[in-house]
Each structure stands twice: as C-alpha cells, then as structure tokens.
Amino acid sequence: MSNVPLLEVTNVNKRFGGLKALQDVNLSLETGKLHAIIGPNGAGKTTLFNVVTGTIPVTSGRIKFLGTDMTNDKIHRISRRGLARTLQIKSVFANMTVRENLWIAAQSHHGVFSPFKSWKKCVRSVEMADIICEQIGLTSLADQTASNLSHGDIALLEMGLALATEPKLLLLDEPICGMGPAETEQTVIKIQEISKSTAIIIIEHDIEVVFKIADEITVMANGTVLAKGTPESIAANSDVRNAYLGDDDDD
Ligand SMILES: Nc1ncnc2c1ncn2[C@@H]1O[C@H](COP(=O)(O)OP(=O)(O)O)[C@@H](O)[C@H]1O
Ligand SMILES: [Mg+2]
C-alpha cells in the first residue's frame, strides 16, 4: 500500500478554447512528503488543482488519487474520497464565530445540514470543530466572529474549514498571498505542523518559503512540468533557472 502514489497524473491536457493550459502533464507524487508546485503566472498551477479536485474536467488524460482513478469525477465524490482544497476566494462566514464556521464545515462534510437528522453526527462535528480549532491554533479565538480575525487568522481558519472534511490530501493555492512577515511565519509553521498528519501540496509564489518547507518541488511553465526534485536539485537545475528563477527580478 505504501508504494501507491498519493497523486498520479498521466498525460493530462486541459484546453480552454485554443489555449493549452495543461499540456501532457505527467506527475507522480509520493505520500509522506510536503510537495510544492511553483512556476510563473499562467503556468497552469491552479488549473492543475482544478482538474485534480474535479472543479473542471480534463480535456484528456487520467488522474489517480491514492490508486483510485477519479478522472472527471464529481467534486463531492472526490472530496468524500479525502481530497480538500482552500480557495483564494475567501469562503468563511464572516458573521459566525470560528467554532461555528468549523462546525458547519464538518457538518456539511457528513452530509447533515439538518440539525434533526443525526444527533450523533452533530456531536461528532462539534468535537471535530474543537479538535481543528486546536490544530490550527485558534482555540483562544474560537468564540470570536470571523469578521474580527486578522488576515493571517482567516487564512488559518480557511485551512481549518478544509481540514474539517478530514482529508487525506490538502491542496493549498498560495495560502500566504498578501500576508506580512509575521503572518507568513505563523501560517508556514502551521502548514508544516499539519503536513505531519495530512499530506499537503502547496502552490506558492514565495520561493524562499517553498525552499524552506518543501521536501519536493515541481516546477511548471507554459502548461508543462519543467522539473521535479528536491529543493537542492531544483535550485541547481539550469532549465529552471533560465525559465523561472532567472527572470524573477520584477515580481
Ligand atoms: N476557466 C478558464 N477559462 C479560460 N482560461 C483559463 C481558465 N482558467 C485558467 N485559464 C488560463 O489558463 C492558463 C493557466 O492559468 P492558471 O492555471 O490559473 O495559472 P497559474 O495558477 O499557474 O498562474 C492561463 O493562461 C489562464 O489565463
Ligand atoms: Mg494560480
């Protein structure tokens, strides 16, 4: 079982009209590592997350998650198999508390929006909310409404909402985007902690952060995978330096 890849993407293509957003993408990611995906804007990183999560269908190719083919499956089926993501569009309920937000996320994962449906599952969701509050370090803010949280704490809550679905794999798309140094540090520490119990693939623009936390880096450019390897091998790769790291001076 341990040899089954976490995620296996085989010859995946995604076209938007004439635009080839993903071109023959092949990628096999092992379990037990913190994976990062980097690449210039428009490289196809978010599109890859979108096809993996079933948000949009592939044009061709196959996607396997922990050995099960789930190419073009429905979002909720993929989610139920244990795949969760955070979105750049914030999805917290601003007028609810941290704990209520987490409770609703856990509750909706159990498919019981009606409070009359299953008392046991409600209790489980309440417990889950508290466990996740602790995991993301927001226990002291559990009764604050989300609208009172800092940008960094909102980002932690976003991760919490994804964790409430008890995923086997969590996809994070630029989770520290727009954060200052202190919030970045807080979030990065949490990501590292969470990665000890839940597999993570992170798309991140901040190269310094990526080289610090990732066990393995995949570099994308123009809809293709340019290179994959340890931070050391990626830093030393001349193709990567030419295509990406070298022209990083104005952004
Ligand atoms: N829903 C869409 N419709 C049309 N074009 C899209 C759509 N999503 C992404 N694209 C295009 O696909 C390319 C890859 O985008 P994206 O995956 O968002 O890149 P990245 O996340 O690496 O910056 C870009 O040229 C983008 O404009
Ligand atoms: Mg993107």
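Between which strand and which helix does the loop with Glu174 lie? The views below take that up, along with the rest of a predicted model.

**View 1. Glu174 in its loop.** Glu174 sits between strand S7 (169-173) and helix H6 (181-194); helices (H or I, at least four residues) and strands (E, at least two) are DSSP runs, numbered from the N terminus. Its phi is positive, near 50°. Most residues other than glycine have a negative phi. Glu174 counts as partly exposed because 15 other C-beta atoms lie within 10 Å, where buried takes 20 or more, exposed 12 or fewer, and partly exposed falls in between, with C-beta atoms placed from the backbone.

**View 2. Asn11 in strand S1.** Here the positive phi, near 50°, belongs to Asn11, a residue of strand S1 (residues 7-16). With 13 other C-beta atoms within 10 Å, Asn11 is partly exposed.

**View 3. The shell around ligand 1.** Among the residues around the ligand are Phe16, Leu19, Asn41, Lys45 and Thr47, each with its C-beta atom, placed from the backbone, within 6 Å of it. Strand S2 (19-29) and helix H1 (45-52) each give two or more residues, and H1 gives the most, with three.

**View 4. The whole chain for orientation.** The chain has nine helices and 10 strands, and 36% of its 251 residues are buried.

**Notes.** Residues are numbered from 1 along each chain as its sequence is written, while chains are lettered from A and ligands numbered from 1 in the order in which they are written. In this predicted model, local features need pLDDT of at least 70, side-chain atom pairs count only at pLDDT 80 or more, and totals for chains, interfaces and linings use all residues.
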